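Please walk through this assembly, from the contacts between its chains to the packing of helices within them.

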6 protein chains.
Amino acid sequence: MSEQAYRDGLEVKRRLFGAGKEHPLPPGHLADDLLRLSDELVYGRVYTRPGLDLKTRSMLTVAALTVLGRDDYLRRHLQGALHVGVTPEEIKEILMQMAFYGGMPVALKALRIAQEEIAAWEASPGAAGAGA
Amino acid sequence: MSEQAYRDGLEVKRRLFGAGKEHPLPPGHLADDLLRLSDELVYGRVYTRPGLDLKTRSMLTVAALTVLGRDDYLRRHLQGALHVGVTPEEIKEILMQMAFYGGMPVALKALRIAQEEIAAWEASPGAAGAGA
Amino acid sequence: MSEQAYRDGLEVKRRLFGAGKEHPLPPGHLADDLLRLSDELVYGRVYTRPGLDLKTRSMLTVAALTVLGRDDYLRRHLQGALHVGVTPEEIKEILMQMAFYGGMPVALKALRIAQEEIAAWEASPGAAGAGA
Amino acid sequence: MSEQAYRDGLEVKRRLFGAGKEHPLPPGHLADDLLRLSDELVYGRVYTRPGLDLKTRSMLTVAALTVLGRDDYLRRHLQGALHVGVTPEEIKEILMQMAFYGGMPVALKALRIAQEEIAAWEASPGAAGAGA
Amino acid sequence: MSEQAYRDGLEVKRRLFGAGKEHPLPPGHLADDLLRLSDELVYGRVYTRPGLDLKTRSMLTVAALTVLGRDDYLRRHLQGALHVGVTPEEIKEILMQMAFYGGMPVALKALRIAQEEIAAWEASPGAAGAGA
Amino acid sequence: MSEQAYRDGLEVKRRLFGAGKEHPLPPGHLADDLLRLSDELVYGRVYTRPGLDLKTRSMLTVAALTVLGRDDYLRRHLQGALHVGVTPEEIKEILMQMAFYGGMPVALKALRIAQEEIAAWEASPGAAGAGA
């Protein structure tokens with residue numbers, strides 16, 4: 001286990017989801033070990049690689065989760081996207097484009113979820129400057 | 001039918017796939033009508049929207065096709081990605097990241113296809129400057 | 001943008017989903033542009049093609065949405081199917097058959113949704129003659 | 001095991017794929033038991049149910065296999081569709097429509113396979129009257 | 001229709017889901033015929049085959065439903081797995097492993113469902129000895 | 001990066017695929033970094049966890065790859081399954097059972113691949129004792 005990669009991963013998750021929101025589930029959950037592995041691996045050793053910036057990685061993840069129809073996970077990564085500066089307009093463009101690769105149903109479902117998350121984001125205190 | 005959108009779509013396809021390579025199939029094919037619709041709609045009316053540039057759209061499509069495991073279509077869009085300036089390093093990063101959303105098998109398969117397309121691209125006369 | 005195709009599409013949606021139920025979402029939604037495109041393209045330029053009648057197209061869409069497991073969209077198209085005269089018995093046959101191509105789980109889920117929609121349909125005032 | 005359902009299933013397969021072409025694999029194959037089960041169950045007890053005719057069932061199966069991207073199986077069922085009287089024009093309409101539910105890539109791939117199977121069908125001696 | 005296979009199937013379902021819980025839906029449901037077929041075929045003629053024991057079959061089904069993202073069905077088969085003696089630790093291992101084949105989102109979703117079902121199982125009177 | 005986990009992963013791959021066959025691709029491939037990560041993470045830190053033995057893990061992976069329709073990856077893991085002692089009969093049972101969760105097409109395709117791999121395995125010098 002690499003402690004450094006784990007800490008790097010938590011830092012990426014903080015940037016994506018906000019401080020105090022790194023963990024999607026309470027401790028002691030059956031998913032703990034997988035999340036620990038994911039923090040270190042996915043966020044700590046893949047998202048930190050220099051070839052792509054975090055905003056681009058966030059957009060790619062939103063695209064993938066849309067066509068796969070993974071709604072819960074998509075919701076969280078839409079929150080992340082807004083947090084790292086992907087604009088509502090850009091989110092709309094990503095989701096519209098996905099209609100032609102994954103089908104209309106997954107794109108329309110994703111646009112419904114995005115509508116809710118954008119509304120929540122715009123109503124939140126930190127929204128104005130967070131993406132800046 | 002909108003002639004303008006159709007012409008705009010062909011122009012986008014020219015930028016993505018190269019002049020003379022807009023059509024993946026010979027004329028008279030059963031797919032003609034769908035391709036005609038796709039040229040006008042997907043390339044002419046969605047890819048031309050101002051919210052995202054063509055390079056970003058190309059990267060998103062590569063991500064989506066990877067997790068969906070649509071190999072033939074992915075191969076063509078990897079060619080497109082290289083053509084609009086997505087670097088081999090960026091392609092590698094996109095595909096690695098997709099492993100965690102669509103699974104290792106689709107990412108590994110996409111990396112095999114990308115390896116072939118990058119080799120072909122680097123051996124082609126126009127490669128050096130095409131993405132510049 | 002083709003106004004004629006858009007109007008043709010709305011007419012198809014009226015036949016499928018009922019007058020006043022053409023739009024699944026309130027105006028001003030993030031999905032507006034995609035729905036506009038879909039109205040014109042999918043309903044206006046594909047569903048209106050002469051090769052297949054609307055009832056057959058409706059049945060095919062129900063089959064596809066079942067094996068893809070797109071439940072929300074399936075529910076709406078089951079309403080559409082009942083509206084254009086697909087009988088409850090035919091719906092049951094379509095969904096049973098799909099079990100062998102998409103797996104038991106998607107077929108069983110679709111049969112649960114269909115059970116609800118058929119009950120609602122049979123309880124609605126217009127049911128008796130609507131499919132006639 | 002129901003011998004009657006098995007014989008009924010073989011009869012359905014004969015109508016779909018042609019006499020002598022009921023079995024996609026040589027005897028002694030690892031798949032024998034599953035095919036035996038499928039002959040009895042899918043073809044003998046589902047396809048024979050009275051609620052839908054064989055041509056409609058064939059079209060629904062083609063739609064499902066298209067959006068699922070099951071190419072080998074789709075090829076065989078496209079042969080079956082032509083054999084029970086689904087016209088090339090109807091096949092084209094089914095596949096075009098599927099683009100909006102399963103995405104452009106699966107529809108385009110299916111149209112390529114259909115193009116090949118229609119050509120083979122039109123070149124075969126029995127084509128003219130077989131669907132009649 | 002084979003009465004013996006049907007009765008064998010109900011016996012398998014009793015072992016998996018508990019006496020009185022063989023049927024996931026009330027009688028008179030649109031799904032009745034498919035469930036009848038499934039009881040006879042899947043549970044009566046496949047799950048009873050000698051090559052694999054019921055616990056192993058249950059684990060394989062959990063793995064498949066996880067990567068397919070069929071949540072409702074997965075929940076029932078997680079109940080079944082606990083009932084035939086798959087331990088919570090083994091369930092956790094199966095689901096973690098699936099992350100690399102079906103992606104993190106399906107594994108994390110499955111772990112959330114498993115957490116709920118394991119809690120319900122541990123709180124139920126028969127839990128202590130049922131898997132023994 | 002954890003060297004120990006990486007070495008543990010290679011040891012698992014040696015047991016699964018055979019000495020000298022740990023790597024599915026030549027060095028210098030675009031997939032190198034992902035494979036390195038997978039060796040350490042999937043094989044080194046997940047497959048080595050004590051909750052399930054290697055034979056069971058291999059069977060679960062075969063089940064998952066079957067329903068996902070990941071044919072290339074499935075072929076390699078069928079080789080792995082035979083290598084760690086999953087019998088041809090057990091493979092057949094796994095694949096038949098998957099027909100009801102992922103659909104007949106993926107099960108039949110997997111049985112075709114398995115037939116080839118079992119034949120190759122039975123013709124290989126080490127087959128007789130390798131699973132023992």
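The model is predicted. Keep that in mind when reading each distance and angle.

Start with chain A and chain B. Here 30 residues of chain A are in contact with 31 residues of chain B. Together the two chains bury about 2700 Å². Carbon and sulfur atoms account for 70% of that area. Polar links are present too. The rule finds 12 residue pairs in polar contact across this interface, both partners at pLDDT 80 or more. Four salt bridges are counted between chain A and chain B. A:R57 and B:E93 form a salt bridge, with their closest N and O atoms 2.7 Å apart.

Which helices of chain A each supply at least two residues of the side that touches chain B? They are α2 (32-46), α3 (54-68), α4 (71-83) and α5 (88-102). The largest share comes from α5(A), with 11 residues. By class, the side of chain A that touches chain B divides into 18 nonpolar, six polar and six charged residues.

Now turn to chain F and chain C. The contact takes six residues from chain F and six residues from chain C. The two chains bury about 440 Å² between them, and 64% of this lies on carbon and sulfur atoms. On the chain F side, F:F100, F:Y101 and F:M104 lose the most area to chain C. Together they make up 66% of what that side buries.

How many salt bridges are counted between chain F and chain C? The count is zero. Polar contact is found in two residue pairs, both partners at pLDDT 80 or more. Two elements of chain F give two or more residues to the side that touches chain C: α5 (88-102) and α6 (104-123). Of the elements of chain F, α5(F) gives the most, with three residues. The classes on this side are four nonpolar, two polar and no charged residues.

Next come the salt bridges of the whole structure. Over all chains, the structure holds 96 salt bridges. One of them joins F:E40 to A:R45, with the closest N and O atoms 2.9 Å apart. This pair crosses between chains. F:E40 sits in helix α2 (residues 32-46) of chain F, and A:R45 sits in helix α2 of chain A.

That leads to helix packing. Two packed helices are described by the angle between their axes and the distance between the axes.

Take chain A. The axes of α1 (residues 3-17) and α2(A) come within 7 Å and cross at roughly 75°. α1(A) and α2(A) are therefore roughly perpendicular to each other. From α1(A), the contact uses A:E3, A:A5, A:Y6, A:D8, A:G9, A:L10, A:V12, A:K13, A:L16 and A:F17. From α2(A), it uses A:R36, A:D39, A:E40, A:Y43, A:G44 and A:R45. A:R45 is also the partner of F:E40 in the salt bridge described above. The α1(A) and α2(A) contact has seven nonpolar, two polar and seven charged residues.

Chain D has a pair of its own. Helix α1 (residues 3-17) and helix α2 (residues 32-46) of chain D pack at an angle of about 75°, and their axes are 7 Å apart. So α1(D) is roughly perpendicular to α2(D). Residues of α1(D) in the contact include D:Y6, D:L10, D:L16 and D:F17. Those of α2(D) include D:R36, D:D39, D:E40 and D:Y43. By class, this contact has seven nonpolar, two polar and seven charged residues.

Finish in chain F. At what angle do the axes of α1 (residues 3-17) and α4 (residues 71-83) of chain F cross? They cross at roughly 85° and come within 7 Å. That makes α1(F) roughly perpendicular to α4(F). F:K13, F:R14, F:R15, F:L16 and F:F17 in α1(F) meet F:R76, F:H77, F:Q79, F:G80 and F:H83 in α4(F). The residues of this contact divide into two nonpolar, four polar and four charged.

Notes: Residues are numbered from 1 along each chain as its sequence is written. Chains are lettered from A and ligands numbered from 1 in the order in which they are written. This is a predicted model: local features need pLDDT of at least 70, side-chain atom pairs count only at pLDDT 80 or more; totals for chains, interfaces and linings use all residues. Side-chain values use heavy atoms; hydrogens and water are left out. Contact means heavy atoms within 4.5 Å. Buried area is the accessible area (1.4 Å probe) that two parts lose on being put together, summed over both. A salt bridge is a side-chain nitrogen of Lys or Arg within 4 Å of a carboxyl oxygen of Asp or Glu. A polar contact is a pair of N or O atoms within 3.5 Å; within protein, one must be able to donate a hydrogen and the other to accept it, and residues adjacent in sequence count only if both atoms are side-chain atoms. Helices (H or I, at least four residues) and strands (E, at least two) are DSSP runs, numbered from the N terminus. Ala, Val, Leu, Ile, Met, Phe, Trp, Tyr, Cys and Pro count as nonpolar, Asp, Glu, Lys and Arg as charged, and the others, Gly among them, as polar. Axes are lines fitted to C-alpha atoms, for helices over the stretch in contact, and angles run from 0 to 180 degrees between N-to-C directions. Angles under 35 degrees count as roughly parallel, over 145 as roughly antiparallel, 65 to 115 as roughly perpendicular and the rest as oblique.
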